[in-house]
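Visitor: Could you take me through this structure with some questions and answers?

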Protein chains: 2
Amino acid sequence: MAKAADMYFRVDPWKIIEEGFDPARARVSESVFSLANEAMGVRGFFDEGGSADSLRGLYVNGVYSVDRIGKSYRGIIDHSHFLIPAADWLKTRITLDGEQLDLGTARFRDFRRELDMRAGTLTRSFVWQTASGREVKLTFLRFLSMTHGERGYQRVTLEALNFDGEAALSMGLGFDTVHEGREHCFWQEPAARRDGARLMIASKAEGSGQQVFAGAAFSLPGEPAYFQEEKSVWLSAPVRLRKGQPVSAERRAAVLYTGETGDALFARGEQALDACAAVSLDDALTAQRAFWENWWRTADILIEPAGKEEEAAVSAEQQGIRFCVFQLAQTYHGGSMRHNIGAKGLTGEVYNGHAFWDTEACCLPFYLFTNPAAARDLLYFRYNTLPGARERAAMLDCRGACYPIATQNGEEACPLWQHASLQLQPSTAVAYGIWHYVRVTGDEDFLWRCGAEMLLEIARFLLSRVGRSSLTGRYGFYGVMGPDEFHLMVNNNAYTNYMGSRTLTYAADTLSRMRAEQPEAYAALAKKTALEEQEPARWREAAEGMYIPMDETGLIEQHDGYFDLPHTDIDAIPVSDFPLYDHWSYDRIYRTDMIKQPDVLMMLYLYNSSFPGAVKRVNYDFYEPRTIHESSLSPAVHSILAAELDKMDEAVRFFGYATRLDLDNYNRNTREGLHTTSIAMAWANIVYGFAGLRSDGERLAFAPRLPARWKRLDFSVLYRGRVIRVRMEREGSSFRLAEGEPVTVLMNGEPRTLDAGGLFVPCA
Amino acid sequence: MAKAADMYFRVDPWKIIEEGFDPARARVSESVFSLANEAMGVRGFFDEGGSADSLRGLYVNGVYSVDRIGKSYRGIIDHSHFLIPAADWLKTRITLDGEQLDLGTARFRDFRRELDMRAGTLTRSFVWQTASGREVKLTFLRFLSMTHGERGYQRVTLEALNFDGEAALSMGLGFDTVHEGREHCFWQEPAARRDGARLMIASKAEGSGQQVFAGAAFSLPGEPAYFQEEKSVWLSAPVRLRKGQPVSAERRAAVLYTGETGDALFARGEQALDACAAVSLDDALTAQRAFWENWWRTADILIEPAGKEEEAAVSAEQQGIRFCVFQLAQTYHGGSMRHNIGAKGLTGEVYNGHAFWDTEACCLPFYLFTNPAAARDLLYFRYNTLPGARERAAMLDCRGACYPIATQNGEEACPLWQHASLQLQPSTAVAYGIWHYVRVTGDEDFLWRCGAEMLLEIARFLLSRVGRSSLTGRYGFYGVMGPDEFHLMVNNNAYTNYMGSRTLTYAADTLSRMRAEQPEAYAALAKKTALEEQEPARWREAAEGMYIPMDETGLIEQHDGYFDLPHTDIDAIPVSDFPLYDHWSYDRIYRTDMIKQPDVLMMLYLYNSSFPGAVKRVNYDFYEPRTIHESSLSPAVHSILAAELDKMDEAVRFFGYATRLDLDNYNRNTREGLHTTSIAMAWANIVYGFAGLRSDGERLAFAPRLPARWKRLDFSVLYRGRVIRVRMEREGSSFRLAEGEPVTVLMNGEPRTLDAGGLFVPCA
């Protein structure tokens with residue numbers, strides 16, 4: 001696999017910088033320069049549009065249209081929702097000398113884009129040269145408020161460099177953006193209103209009927225004139241330019257999706273716009289910097305190179321890991337229980353804005369240790385979408401609740417039945433997420449209020465889906481697709497059986513404790529769910545009778561018959577065959593021992609403390625050479641386990657481009673959007689892999705292993721009201737309790753108390 | 001499974017008769033009263049249309065439109081063709097007293113439809129009562145020429161019963177028929193021409209661009225006036241009625257699809273119409289009777305009841321089996337190598353007019369023993385579509401030729417990847433068909449000219465698709481779906497492995513013999529196909545190393561892991577759950593030991609003489625109780641094996657409604673069209689099942705077992721230029737050589753020579 005980094009951006013510890021504009025990379029840059037604040041997202045496109053290659057993506061979280069797929073078989077969805085570009089609140093036009101600015105055709109120089117990760121701002125500047133030789137320096141600033149999800153800001157600055165004269169600047173709002181893949185604008189003719197230097201517009205999405213409002217208060221350097229175009233409204237003003245004197249225009253926008261419609265939405269939007277306009281752009285920017293400064297205080301990861309030779313590579317890693325956690329925080333930072341984390345965040349339309357089980361399996365650890373409230377809110381999303389999961393289970397002729405493999409709103413949205421109907425991992429991942437969250441945070445209140453109900457319904461689903469061998473009577477899941485998506489309709493997938501067994505046991509244990517400790521809540525839950533007395537005992541029976549196909553050496557067969565499958569020598573696959581889904585016939589992918597991503601190893605990662613080292617080793621050694629890593633989360637899981645098994649070279653090799661997956665367009669498809677959930681694994685790769693954090697045992701555990709090319713690794717974790725600051729260095733690692741009460745943790749397997757005096761763990 | 005016969009038509013040995021019109025059964029009757037002649041087909045709808053429930057189906061074999069499905073994964077088709085209703089050459093309108101005839105609203109009496117299987121005619125008559133009390137007896141006759149595929153005939157007779165007066169009769173041609181499922185007329189605005197009492201019209205199908213011509217010479221009882229409507233042209237004439245004096249109008253039509261277009265097609269159509277109009281309708285009808293009389297001479301099956309008690313049931317069976325073979329001969333009787341046998345023949349739009357592997361597995365024996373030239377022509381269809389099969393193999397990243405699971409034109413048309421990509425049985429069935437045809441007919445010329453090339457390419461495909469176990473090195477097919485379609489993506493399906501092995505061996509044997517016996521043809525084939533010297537040896541190696549999962553008792557595991565699957569008690573499934581595809585979630589069907597139709601047993605049926613009786617018995621006893629018979633061909637295969645295993649009660653029970661599947665609407669969906677390929681198994685059920693014919697051994701074999709309720713069974717088989725007449729009676733069976741040279745056959749396993757003296761085999 002000759003994937004290769006494509007280093008293009010300037011390395012800087014806190015910024016992503018592009019110098020010069022390469023049209024061939026236009027969309028990669030747009031993805032990388034995406035801004036988001038959970039409520040909405042914008043790709044780093046040119047405000048003024050133009051003819052350069054671009055995906056003008058402006059998204060509002062939770063806003064989608066709906067496809068009618070048509071009826072096929074029972075249990076296969078007949079409609080599906082998909083993210084659509086929503087309000088275009090950055091419409092801008094600049095004309096000078098009779099030319100309209102278009103970087104696809106214009107002459108320009110000194111092009112620079114800069115994403116500042118301490119401010120959450122994107123700045124773009126260049127000097128535009130008109131045909132007549134006039135030069136004007138243009139600077140575009142934009143940011144999305146991290147504290148007020150509906151607010152977005154833009155400042156456009158013009159500075160004549162070699163003339164005095166007049167330009168024209170138009171700023172507008174519209175609902176005219178076309179969904180690229182479907183070549184259709186899903187927005188109906190909008191309602192609009194002008195009020196002096198304010199514009200307001202609202203429209204309704206086809207398919208979903210969702211209504212979105214966008215308003216903006218403009219501050220223009222001249223008297224604005226109003227005009228309309230199809231589905232958009234504009235203000236235009238002359239800009240008097242004097243050589244060397246910058247002139248700016250600003251917009252403070254509010255983009256709202258509240259579920260309200262018509263006049264009620266308009267009224268709500270107007271209030272939001274008033275509140276937004278009550279704060280100056282500069283004050284908003286100051287608040288934005290403060291937010292990020294505070295955020296980085298506990299979320300930052302600092303890496304220093306071991307020496308001069310490693311400096312370039314490690315500086316790039318430093319920039320990369322900050323970019324990963326910055327984008328992850330932009331995509332989701334809690335506060336809304338209506339949103340989840342799309343595979344591409346809010347940076348593109350591929351994957352349709354859908355969230356997968358990546359949320360619980362890959363992203364949750366990052367939030368558990370940097371933003372536990374956000375971790376809880378992600379679980380609330382699952383609780384709020386429990387009705388949809390119940391409906392889905394019924395569609396599948398099952399009881400309880402089956403969580404969707406792909407969704408924005410809680411309904412199953414994956415039209416591929418083989419994924420939607422055979423993958424049970426979304427449901428077991430939700431159960432795992434609850435377990436993991438409660439274990440790490442101790443938030444039992446959540447367990448009693450929401451978790452128990454979800455667990456109960458998931459356990460019901462699993463019991464109605466599990467089968468029993470005709471030969472042995474053992475329980476097992478038949479006809480499934482495990483995390484390795486290269487085998488489908490398999491029986492006794494070890495991951496599915498094991499996760500199912502743990503889920504059933506946890507559900508029974510939880511109800512049993514609840515009955516004892518929270519009798520009233522238990523009684524209410526039992527009534528609400530019509531729980532039958534003997535149900536938890538049946539879950540236990542299935543859990544205990546579940547078949548886990550492990551031999552005497554600890555080697556676990558991924559599923560029945562896996563060991564017998566024909567072998568594929570993955571090293572012999574020519575580079576030009578990747579990605580396999582594009583180059584191999586679909587069925588060909590599914591019939592050898594080649595696996596796409598960790599499956600047995602995934603369960604050894606998730607329930608790490610439940611398996612002895614020898615089991616991890618024998619399975620790692622068996623499965624690693626059979627794994628093609630066609631999922632971008634795959635190398636990180638391997639890296640974490642390799643580090644644990646003291647295969648540091650391999651751990652570092654798999655870490656590889658983890659931190660710069662998108663910055664270096666490693667998978668050749670960053671143009672479509674960022675790999676948001678995958679880059680969450682870059683954080684896990686460092687914290688679980690190299691600091692050896694483990695959060696699935698009785699106690700928090702560390703086992704630091706510093707890669708040779710690093711001199712130092714600093715990071716913090718939040719843990720039950722504590723801030724634990726970790727500094728790993730060559731001679732050893734120090735742990736400091738920056739906030740909170742002393743706590744006993746496992747250090748390389750030994751219980752140690754971390755108190756105000758800190759802990760030092762010498763290098764092994 | 002409480003499927004039940006719905007006896008509606010009058011029992012008659014040679015006719016299907018409906019007395020009275022039941023609107024609720026309108027579509028079932030339309031299907032049953034379908035006429036076809038291989039080139040075209042018409043359902044038994046009312047010529048005059050009207051508001052009664054109807055599917056106005058007029059089909060031209062090989063004429064279809066094309067759906068763009070859109071790109072998904074490699075190897076999954078992105079377009080698909082489907083049968084569309086074509087030229088409506090039976091348009092008729094009758095008005096009297098200002099009323100237009102519409103049996104959905106009109107008053108009428110003495111309604112009768114009659115399909116005469118010795119004439120291939122459909123007659124419909126009734127007395128129409130207008131509001132004013134006038135009564136006119138109307139008789140509609142239609143037939144399609146069995147010797148000139150393009151010719152269709154209609155006669156309309158009006159007889160005033162209680163008045164003198166004038167009616168108006170319009171007859172037309174059109175391309176305005178709508179595809180019901182897709183709610184669209186796929187025909188473009190036609191070109192039309194009138195020439196006196198002739199009309200001609202031609203149109204082009206959307207999607208495929210195919211052009212069809214329809215012309216008719218009308219003989220009307222008055223001066224015709226011409227008029228047009230959207231996509232149709234008409235002649236209208238007054239009809240002077242005198243009480244008690246019948247008046248008739250006739251049409252002789254020619255419907256042509258030749259691949260020609262525009263003026264060339266029109267010219268060809270005009271010639272065809274001239275030729276058609278040169279023969280009177282009565283003469284054509286005489287010729288039609290002669291065709292069928294000759295055909296029945298060797299194809300008829302005569303059944304007589306054992307006694308008075310059995311008379312009703314056996315008369316119904318007699319009618320039923322004649323209906324089955326009549327419809328099969330209508331659908332296909334050879335002469336065209338462009339056509340195959342659609343699952344519904346030309347009697348409906350469900351299954352899109354596609355042919356499946358049913359042709360070789362179910363239908364071929366009927367043709368081999370009643371019309372060997374047609375059997376050969378069916379194999380020519382596969383030869384002519386070899387290029388499409390080569391393309392399909394390439395789409396699947398394989399070599400050679402992969403025959404489609406569903407097709408009209410040779411291209412894969414099944415949009416369900418799990419069937420199209422995983423079912424290898426179309427390819428092995430084609431190889432089996434060649435083997436079977438050559439074995440029965442001795443036509444080695446076909447083998448050298450066409451068969452060898454198909455076998456070579458199929459063997460190549462299989463070798464590129466086969467895998468080898470990582471544990472044992474044995475060959476096997478991984479990721480397949482066997483004939484039992486309730487398990488998919490399974491490994492080492494016994495049927496697929498065994499059929500694959502036999503195919504590879506046969507291909508190698510054939511090439512080896514060809515090299516020795518037909519060196520020039522062999523050299524030409526090797527050159528044409530770039531055959532490498534060592535290829536056949538590799539096929540043999542795979543064939544010999546193929547894993548057939550049989551235990552020491554002879555029990556064959558359907559596929560790896562089948563015995564371990566959870567058990568479904570099929571008797572416990574409520575009747576209301578059928579058909580399962582409509583009532584069970586799709587994935588649920590696939591994960592227990594319930595099977596849809598014979599899989600292991602299918603291979604024991606096809607290669608019957610290759611397995612000892614004990615193997616058949618142990619597998620029959622194991623699989624029969626696990627089979628739900630959701631395919632209508634399933635009971636016949638079980639019946640044939642049950643008879644062989646001396647389970648006569650079970651054989652008779654499975655025979656059940658075989659002969660009257662559609663006449664009695666046994667599967668509740670005859671309204672959609674006839675189960676054309678399934679009813680082929682009714683013939684096999686009698687001839688293979690009760691006469692014990694076996695055609696897969698070195699010699700033709702018989703082992704008569706007369707069901708207790710029959711006194712006598714008479715039928716004939718054509719065999720290598722011989723006509724063998726079989727008469728089975730209670731005391732024994734006699735075999736008579738009506739034509740041809742003596743031949744040695746196996747009688748109950750013993751070689752016996754059948755010569756002019758005949759043979760008598762006493763009852764065992």
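**A helix, a fold and a contact**

Visitor: How far apart are the end C-alpha atoms of helix α11 (residues 494-517) of chain B?
Guide: Helices here are DSSP runs of H or I with at least four residues, strands are runs of E with at least two, and both are numbered from the N terminus. The expected span is 1.5 Å times one less than the number of residues, so the 24 residues of α11(B) should span 34 Å, and this agrees with its end C-alpha atoms, which are 34 Å apart.

Visitor: What should I know about the model and its numbering?
Guide: This is a predicted model, in which local features need pLDDT of at least 70 and side-chain atom pairs count only at pLDDT 80 or more, while totals for chains, interfaces and linings use all residues. Residues are numbered from 1 along each chain as its sequence is written, with chains lettered from A and ligands numbered from 1 in the order in which they are written.

Visitor: How many residues of α11(B) are buried?
Guide: A residue is buried if 20 or more other C-beta atoms, placed from the backbone, lie within 10 Å of its own. By that criterion α11(B) is mostly covered, the buried residues being 17 of its 24.

Visitor: Which element gives the most to the side of chain B that touches chain A?
Guide: Residues are in contact if their C-beta atoms, placed from the backbone, lie within 7 Å, and the contact takes 38 residues from chain B and 38 residues from chain A. On the chain B side, two or more residues come from each of β21 (467-468) and α14 (580-583). With three residues, the element that gives the most is α14(B).

Key
Two residues are in contact if their C-beta atoms, placed from the backbone, lie within 7 Å. A residue is buried if 20 or more other C-beta atoms lie within 10 Å of its own, exposed if 12 or fewer, and partly exposed in between; C-beta atoms are placed from the backbone.
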